[in-house]
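User: I would like to know what stands behind some of the terms used for this protein. Please go through them one at a time.

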Amino acid sequence: MALAGNMRVDGDRLWDSLMDMAKIGPGLRGGNNRQTLTDEDGEGRHLFKRWCDEAGLTMGVDEMGNMFHRREGTDPDALPVYVGSHLDTQPTGGKYDGVLGVLGGLEVIRTLNDLDIKTRHPIVVTNWTNEEGTRFAPAMLASGVFAGIHELDWALSRTDAKGLKFGDELERIGWKGEEPIGQRKMKAFFELHIEQGPILEKEGKDIGVVTHGQGLWWLQITLSGKDAHTGSTPMPMRRNAGLGMARITELVHTIAMDHQPNAVGAIGHCEVFPNSRNVIPGKVVFTVDFRSPDQATLDAMKARLEAEAPKIAAELGLGIDIEAVGHFDPVTFDAGCVSAIRGAAERLGYSHRDIVSGAGHDACWINRVAPTAMVMCPCVDGLSHNEDEEITKEWAKAGADVLFHAVVETAEIVE
């Protein structure tokens with residue numbers, strides 16, 4: 001059944017929880033540094049657990065440290081509705097990326113308790129481990145193991161820059177559970193998140209109804225030329241790998257622009273050798289990041305780059321190697337869950353628009369094993385993965401209101 005439009009979360013309580021969590025692992029200028037499996041991550045988990053205990057939830061923890069806090073339903077055989085995101089942050093992260101989704105899920109429970117509402121299906125609030133992937137690559141690691149994308153032993157053996165193993169660090173902070181990962185069954189999963197882009201704020205929309213998640217290709221390109229003195233080597237005789245990277249950078253931009261709307265592309269990481277002021281680069285290694293919510297578009301961009309980049313290299317006398325180093329397919333979120341979010345926004349009177357997620361999220365992996373959808377709220381200037389990341393209390397409340405209605409409607413109120 002649909003909920004009454006006057007059923008809303010406590011926006012002040014949600015905001016206070018966000019600010020209290022932000023005190024753990026503070027950044028240098030107002031954000032957070034609460035990287036996965038650090039002492040700060042452990043402290044944040046304990047605070048979240050305490051809040052969940054106070055709300056009457058029971059906890060389960062699996063082998064990857066994923067936390068599951070359950071509110072019982074009236075039907076013990078009914079599949080639970082899951083809601084959540086992640087508490088870990090970037091080294092210079094904001095206070096809301098991921099955290100809003102976890103604490104928004106907790107606020108759903110708190111509001112149900114306030115209103116003395118029972119649901120037929122249990123509701124489980126989730127904190128997924130290592131969504132950011134900053135300390136231990138790749139991103140969305142634990143949800144990927146849960147969904148069968150990664151093998152457990154492989155994930156536990158991942159190392160950070162200091163050579164420390166994921167599994168060892170998980171045990172060190174005391175959050176390695178005994179529950180086998182991936183055995184939980186879900187009726188649905190909902191994730192609230194900040195947009196991490198500028199569209200909602202620019203258009204004055206309260207809510208983004210996420211219909212798709214972008215797929216991506218990461219391509220690593222190595223260009224081989226010849227180191228030479230910048231002052232004494234004639235221009236026509238140069239084999240400048242840096243020039244090749246510059247022209248391929250322009251090609252990447254052109255390819256993305258030619259596949260609008262929604263397609264994006266850029267050069268991310270790059271290394272220049274020998275990286276000296278007075279030496280023409282003899283080698284460059286750089287990555288291309290192509291993203292699109294449409295599989296055909298995504299593959300077409302990759303194919304065009306692979307066809308045209310070698311021509312640029314040949315014109316400049318450069319060797320070229322192109323290697324695919326990362327990929328996942330576009331995500332189409334469950335129509336029923338998306339409809340529940342859209343209907344909630346309309347019922348509550350919040351302005352909204354359909355939107356494609358440009359970033360990866362735990363929901364993208366969970367979508368492979370359960371009906372899934374996402375709610376987004378605006379963030380100031382679209383800024384995220386930055387300590388200056390900011391949202392308003394009103395945006396947080398609107399997102400949590402919609403989340404509450406979508407989750408509880410799916411969990412089915414018992415009258």
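Analyst: This is a predicted model. A place to begin is H193, which lies in strand β6 (residues 188–194).

User: Why is H193 called buried?

Analyst: Buried means under 20% relative accessible area. H193 has 0% relative accessibility, so H193 counts as buried.

User: What makes G98 a polar contact of H193?

Analyst: The cut-off for a pair of N or O atoms is 3.5 Å. The backbone nitrogen of G98 lies 3.4 Å from a polar atom of the H193 side chain, so the pair is within that cut-off.

User: Is H86 buried or exposed, and how do you know?

Analyst: H86 has a relative accessible area of 0%. The limit for buried is under 20%, so H86 is buried. H86 touches H193 and D97, among others.

User: Which residues does UniProt list for "binding site"?

Analyst: The unreviewed UniProt entry lists H86, D97 and H193. They are spread over 108 residues of sequence but cluster in space, with a largest C-alpha distance of 9.8 Å.

User: Why is E171 called exposed?

Analyst: Exposed means over 50% relative accessible area. E171 has 52%, so E171 is exposed. E171 lies in helix α6 (residues 166–172).

User: What makes strand β5 largely enclosed?

Analyst: Five of the five residues of β5 (residues 123–127) are buried, so β5 is largely enclosed by the rest of the structure. I123, V125 and N127 are on one side, and V124 and T126 on the other.

User: How do you know that β2 and β5 pair?

Analyst: Pairing needs at least two bridges. Five bridges join β2 (residues 67–71) to β5, so the two strands pair, and they run antiparallel.

Notes
Residues numbered from 1 in each chain as written. Predicted model: local features only at pLDDT ≥ 70, side-chain atom pairs only at ≥ 80, totals over all residues. Heavy atoms only, no water. Helix = DSSP H or I, 4+ residues; strand = E, 2+ residues; numbered from the N terminus. Buried < 20%, exposed > 50% of the residue type's maximum accessible area, 1.4 Å probe, protein only. UniProt positions renumbered as here; feature names shortened; annotations may be inferred. Contact = heavy atoms within 4.5 Å. Polar contact = N/O pair within 3.5 Å; in protein donor to acceptor, adjacent residues only side chain to side chain. Lists of a residue's contacts leave out its neighbours within four places in sequence.
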